[in-house]
Each structure stands twice: as C-alpha cells, then as structure tokens.
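Colleague: I am new to this structure. Please take me through one part of it closely, the contact between the chains, and then go on to what lies around it.

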Amino acid sequence: MKQWLRLEAVCASLALRSRMAYRLDFALSFTGMFLAHLAMPVYIVLLYGVSQGFGEWTLSDMLLLTGFIQLARGVMSMFMSGLIWHTNERVHRGTFDLLLLAPVNSLGHLINRSIDFEDAGQFLSGLAVFVIAVVYAQISWLQLLVLLLLLPFAIAFFASLFIFSAAITVRYISTLRLFEFSDIAGQYSQFPLSIYPSLLGTVFLTLIPLGAAGYIPVGVVMGQLSTIMLGAMIFPVLFLAMSVWYWQNTLKHYTSAGG
Amino acid sequence: MDIITIRDLSKTFRVPKRKEGLTSAFRSLFFREYEIKHAVQNVSFTVKSGEIVGLLGPNGAGKSTIIKALTGILNPTSGEVRVLGFEPFSQRKQYVRYIGALFGQKSQLWWDIPPADSFSLSQHLYDIEPEEFERRKQELVTRLGIQDVIYRPARNLSLGERMKCEFVMALLHRPKLVFLDEPTIGLDVFAKQAIRDFIHYTNKEYGTTYILTTHDMDDIEHLAHRVIVINNGEKVFDDSLKALREIAGKTKHVRIVTQEKLPKLPKKGISELQTISDYEAQFVLNREILGIRELVGKIAQKTDIIDLTITDPPVEEVISQLYKQ
C-alpha cells in the first residue's frame, strides 16, 4: 500500500506535468467538468420549486443525496475515470503489455497511470455541492462524520463499475462505450430507490448495489431509512471483490496485440 | 548456467474469421466463426547466462509470442517455461523485477514530458536509492550520448533518440535479462550502431543476457552469439551464427550498374536475373559456384562498374534454404 501511494504520487506529478503541456485544453476540460456536474443540483432545486419532489424526501435530503454521490463520483473520477480510456487505448495499441512488465499489481498500477487532472473539475464541483448541501441541510457534526465514514463504500461501488468495464475491455477489446453504462448507473443512483419498482429496487440494493452509493448512507443519516439498512453496505464491498477477481481472471485470457 | 529453460512451449489463440463484405460483417455480429491459430508449437530451448541470442523469423512466425510468454505477459497454452528460477506468468510480479524489455514499436515514455521525468517512475517502481538511481542514469545517458536529449519532451525526439531513451528506461533497474523485440526497427545506421555498441557494453560490463528478435540480419551479425530461427511457430534452427552463415552465406543478392551496356553475365552461379535497363541488373549469386571477385573481374574486363550493391538474402530466403537442407 505504501508503495502504491508513492507511485500514485509520482504518477500524479507526471500526469499533471503532461496535462500542463496543453494549457488551454486543460483549462477548458477542467471548467467544463466543473460546470457540467452542477446541473443535477440545479435541476433538483428547480424540480422542488414546481412539484412535491420525491415523496418523503425533502429538498435538503435530495441535495445531500446529490452532493454525497457527486463527491463519491468526483473522487473516483479523478483517480480512476481514466481506467477505461487508458485500458482501451493500451489494449488496442498493444502497450498494455508494458504495464504487465512493472513489478507491481497490474490493476493497482493501471489505476496509478489513469489519474487525470481534468476530472479534478468534477471532484471540485462534487465537493462544492456536498458542502452547500451539508450547510443547507443543517446536519450535525456526528451526521457529517457518519456520512464521511460511509463515503468509501460509495467510492467502492463506482470503482467496481470501472474495474469491471476495464476488465471487459481487456477481454473483448474495444468496448469503450462501457463508460456510458457506468455513467448511467451513476445517474440512476441519484434518486431514492423507493421510486423504482420493487424488483428493480432489490437489484439496485444487492446485485448492482447503487443504493450504497448514496440512497442508504443519506437515507439513514437523514432518518428516512432504518439503521438496519446499513447492513446492505456489504454489497458494494462484495461487488468490488468480484470486480477484482474478474480482472485477475481476465489477465489469464489476455491475448496481446501483434505477433 | 541456464537461466532460461523452455520445454514444449505451445500457445494457441482463438481468432475470429469472416469473409469479406458488408453482409458477412453483419452476419458475424450474430454468428461469429473462430479458427484456432497455433502461434507457437512445441518449442524447446535453453539460454545461458551472459548469452546474446537472436530470435529470427518472418512476420507472424511466433517470435513475439515466445518473448511474451518469456516475459510473463502471455499464459502459455502448454509446456514449461522457467526463467531465472521463476515461472513467468504465475509469478509475474516477483519475476519482472529481474528482467527488462524493450518493444521497438511500443513506448514506455510519457509522450508529453521529457524522458528525464519518465525515468523517475522506474526509480520508484524498482525502489532504487536516489544516489544510485542518479549514478545509473548518468552512466546510461552518457554511454548513449543523450545528455541533452532527455530534457526535451518525448514527442519532440527523433526515433533514434527516443529509442535510446527507451533503453535507459528498460535498463535503469539493472536487469539480469533483457528482451528486445525489434529494437532497431526504422533506425538509421548511426543510431543502430550506437544501440549495438550499448548492448555489447552492458553484456560485457554487467553480464546482461539479451534475447533479441529482429528481421535485420545485420543485428544478428553484430550482436548474436547464437541464433534460433522460428517459422510457422516451430523452431527450425538453433545453432551458432557461424552455422547460420554457412547456410545463408552461400548466396548474395547483387545489384550492378555499369558505364556501358551490361555485358552478358555468366549463367553458372547466377539465378533470378532481372534486367532493369541496358546498364543495370540484379540477381542472386551462388558463391559456391561463382565467387564475387570472379564475377566482378569478368564484368570489369568489359566495362566500368559504376555501382555495385551486395546484400544478404532476406530472412524468408534463409529459412527456405534451411528447409531445403
């Protein structure tokens, strides 16, 4: 872990230097990502201005749900969103081979190499929305602490989606649009699971545990759900373990480009 | 001491195939057909510490697949592979610490930043002490004559400069064994020579073992102690360079340009004659039947020779001669 963190710092420094080579593109991407991810909270505020919203869930609850998910997605995006692009490009060009020559865990190193600072825009907008939501909802320090403790579970869920996508890319080559499936899962997670049909709600709690990305943590903290529901936070951990297993298994089937 | 032992290595791939045309492309969306491609079949050999071994063969022969199995990138379908006491695929993480690899067409450098920055990643990947890292970097960079080059973004470097930086990247952790997959592809003669000198230097100074794949007979001539020829996934030759030269060296490809009309060439010892113009021709010369000196003497008696190019036969031809034997 210590070496992984050191490599993460080195790769972050190299990625920043690379990105700085194209300053305008960097500035535009960063700003674009920042603004694009402010749309959802604005939409929520507008929706509550003209309707009853989502049943028992108040504007404060919804803003906190959005802020929590945006923060988790922001953290994950900055460190891992490049995973699919990098894997796809490397597998296509055959440079994925070089990654396997590093004396470290292949997935961990791929995450090292996937850091992308233009996604810092999404992280900062997520952080901004979360801070505004916390202030607006007037939650206590204890509630805030619980939310922050549950944040890694949400990040684990989004990370799993990216690891599955990257592994599928290695196995089947050129499946870049899988990124959109991950994005769709992120969008579905921004609403209370109670609005979905019960079967779909159960799937979203267990098999594809997007409920852990925001619905359960915020619902429990804001008193919308029973604390028993926290037991469901085991599912993103299992989901992450499955994605790592799938990655390792995929490497056995890697064929490499060229001769 | 053998540091590489391969016994009956085989690697097969399941490759999709379809006929040409749009209809076939649509059909393959739903009913995909596959064929089994035997990239490597029952290949066995050993390599001793300190050797420079050339893997030679035409495109698609299976050379790169063997290198990928040896580096732990590919999981062999069957057979046994032991390198430096490791089983490369299953012990990849521990094993790759002791090897280096350079693929001529795949870069390890970060494209938009100077190679000097990229080198720092190797330092941390292999836990090299800062002073030792600096000492090794200076030694390699000086030896390759790229002291200034490493501070320019990789995208601004020429192919030769970039390849030298790739060598530094691959050797900073001082590997015992280095795999080179077409390291001189596309390089000019000066860059090729610098890289060959560098390989000789590290082989002599540090006893680094090299496994080299190439299409370039000159690379083999200048570097390899031993040559293994691979064709259609099978080993067809494994011996010294001298032994290969005895097979390949019987024939030379000759191109000649004369001052006046080209005189009639002798029939014995010359084959595949192509008359390009009244003054220029190219052909294959069998040196066992007609020596180069004798040929040049015969032509020079009748006209001045303006240009004469004598080259080794291409790899494909050498292999075909191997089969004939």
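**Where the chains meet, and beyond**

Modeller: In chain A, 22 residues are in contact with 29 residues of chain B. Keep in mind that this is a predicted model. On the side of chain A that touches chain B, the elements giving two or more residues are α1 (2-20) and α6 (96-99) of chain A. Of these, α1(A) gives the most, with six residues. By class, this side of chain A holds ten nonpolar, eight polar and four charged residues.

Next, the core. In soluble globular proteins, nonpolar side chains tend to be buried together. Here the largest nonpolar core has 138 residues. Those with the most contacts inside it are A:F68, A:A72, A:A154, A:F158 and B:V168. Helix α9 of chain A, residues 141-172, gives the most to this core, with 16 residues. Look at A:A154. Leaving aside residues up to four places away in sequence, A:A154 touches A:F68, A:I69 and A:A72, and also A:A212, A:A213, A:G214 and A:P217. Two of the names from the core list, A:F68 and A:A72, return among these contacts of A:A154.

Now follow B:V168 into chain B. B:V168 is one of the residues of α6(B) that meet α5(B). Helix α5 of chain B covers residues 130-144, and helix α6 of chain B covers residues 159-171. They pack at an angle of about 150°, with their axes 10 Å apart. That angle makes α5(B) roughly antiparallel to α6(B). The crossing of α5(B) past α6(B) is right-handed. From α5(B) come B:K137, B:L140, B:V141 and B:L144. They meet B:K164, B:F167, B:V168 and B:L171 of α6(B). This contact has six nonpolar, two charged and no polar residues. The spacing along each helix has a simple background. An α-helix has 3.6 residues a turn, so residues three or four places apart point the same way.

Past α6(B), look at the loop between α6 and β6 (177-181) of chain B, where B:R174 lies. B:R174 has a positive phi of about 50°, although it is not a glycine. B:R174 counts as partly exposed, because it has 15 C-beta neighbours inside 10 Å. Elsewhere in chain B, B:N42 also has a positive phi of about 50° and is not a glycine. B:N42 sits in strand β2 (residues 33-48) of chain B. With 14 other C-beta atoms within 10 Å, B:N42 is partly exposed.

Then comes B:E182, in the loop between β6 and α7 (189-206) of chain B. B:E182 has 19 C-beta neighbours inside 10 Å, so it counts as partly exposed. Not counting residues up to four places away in sequence, B:E182 touches B:G104, B:Q105, B:T213, B:T214 and B:H215. From C-alpha to C-alpha, B:E182 and B:L159 are 13 Å apart in space. In sequence they are 23 residues apart.

Last, helix α2 of chain B, residues 63-71. Is this helix enclosed or open? Nine of its nine residues are buried, so helix α2 of chain B is largely enclosed by the rest of the structure. The buried residues include B:K63, B:S64, B:T65 and B:K68. B:I66, B:I67 and B:L70 are also among them. After α2(B) comes B:G72, with a positive phi near 90°.

Technical notes:
Residues numbered from 1 in each chain as written. Chains lettered and ligands numbered in written order. Predicted model: local features only at pLDDT ≥ 70, side-chain atom pairs only at ≥ 80, totals over all residues. Core = buried A, V, L, I, M, F, W, Y, C linked by C-beta atoms within 7 Å. Buried ≥ 20, exposed ≤ 12 C-beta atoms within 10 Å, placed from the backbone. Helix = DSSP H or I, 4+ residues; strand = E, 2+ residues; numbered from the N terminus. Contact = placed C-beta atoms within 7 Å. Axes fitted to C-alpha atoms, helices over the stretch in contact; angles between N-to-C directions. Parallel < 35°, antiparallel > 145°, perpendicular 65-115°, else oblique. Left-handed = near helix turned anticlockwise from the far one by under 90°. Nonpolar A, V, L, I, M, F, W, Y, C, P; charged D, E, K, R; others polar.
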